[in-house]
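I opened these notebook entries to record what I looked up in the model shown here.

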Amino acid sequence: MHPYFSLQGRTALVTGGTRGIGKMIAKAFVEAGARVYICARDPDACQQVAEELAAFGECRGLAANLASEEGCLLYTSDAADEEDSV
């Protein structure tokens with residue numbers, strides 16, 4: 001990662017972070033020093049990719065379906081609980 005591009009001390013949420021472009025973005029953010037949360041509907045994929053990306057920095061996976069307001073509210077609650085535990 002370029003030394004002038006630092007996200008140290010920042011937190012990022014990458015939706016669709018378990019594959020494709022989302023996974024590449026999540027990896028770049030982790031490598032740049034951000035604490036990254038990846039979100040997808042499949043909890044196993046979230047866990048697997050979070051463990052894979054944790055080799056490069058801090059990454060956590062939280063599964064959620066963000067297609068509805070209820071899903072978004074549930075996700076924000078889970079993410080807040082996760083942040084409180086850090």
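**Entry 1: the sheet**

I first noted that V36 stands opposite C59 in β3. The model is predicted: local features need pLDDT of at least 70, side-chain atom pairs count only at pLDDT 80 or more, and totals for chains, interfaces and linings use all residues. Residues are numbered from 1 along each chain as its sequence is written, and side-chain values use heavy atoms, with hydrogens and water left out.

I then looked up how β2 (residues 35–39) is joined to β3, and I found three bridges between these parallel strands. Two strands pair if DSSP finds at least two bridges between them. Strands (E, at least two residues) and helices (H or I, at least four) are DSSP runs, numbered from the N terminus.

In what order do the three strands form the open sheet? I recorded the order β1-β2-β3, with parallel pairing. The edge strands, β1 (11–15) and β3 (59–61), each pair on one side only. On average, neighbouring strands of this sheet are turned by 20° against each other, direction ignored.

**Entry 2: helices on the sheet**

Axes are lines fitted to C-alpha atoms, for helices over the stretch in contact, and angles run from 0 to 180 degrees between N-to-C directions.

**Entry 3: single residues**

Is T18 buried or exposed? I recorded T18 as buried because its relative accessibility is 15%; buried means under 20% relative accessible area, exposed over 50%, and partly exposed in between (1.4 Å probe, protein chains only). T18 lies in the loop between β1 and α1. Leaving aside neighbours within four places in sequence, T18 is in contact with K23, I38, A40, A45, C46 and V49.

I next turned to I21, which is found in helix α1 (residues 20–31). I21 counts as exposed because its relative accessibility is 61%.

E70 has its place in helix α3 and counts as exposed, at 66% relative accessibility. I also looked up its separation from D42: E70 and D42 are 28 residues apart in sequence and 17 Å apart in space, C-alpha to C-alpha.

Definitions and conventions. Contact means heavy atoms within 4.5 Å.
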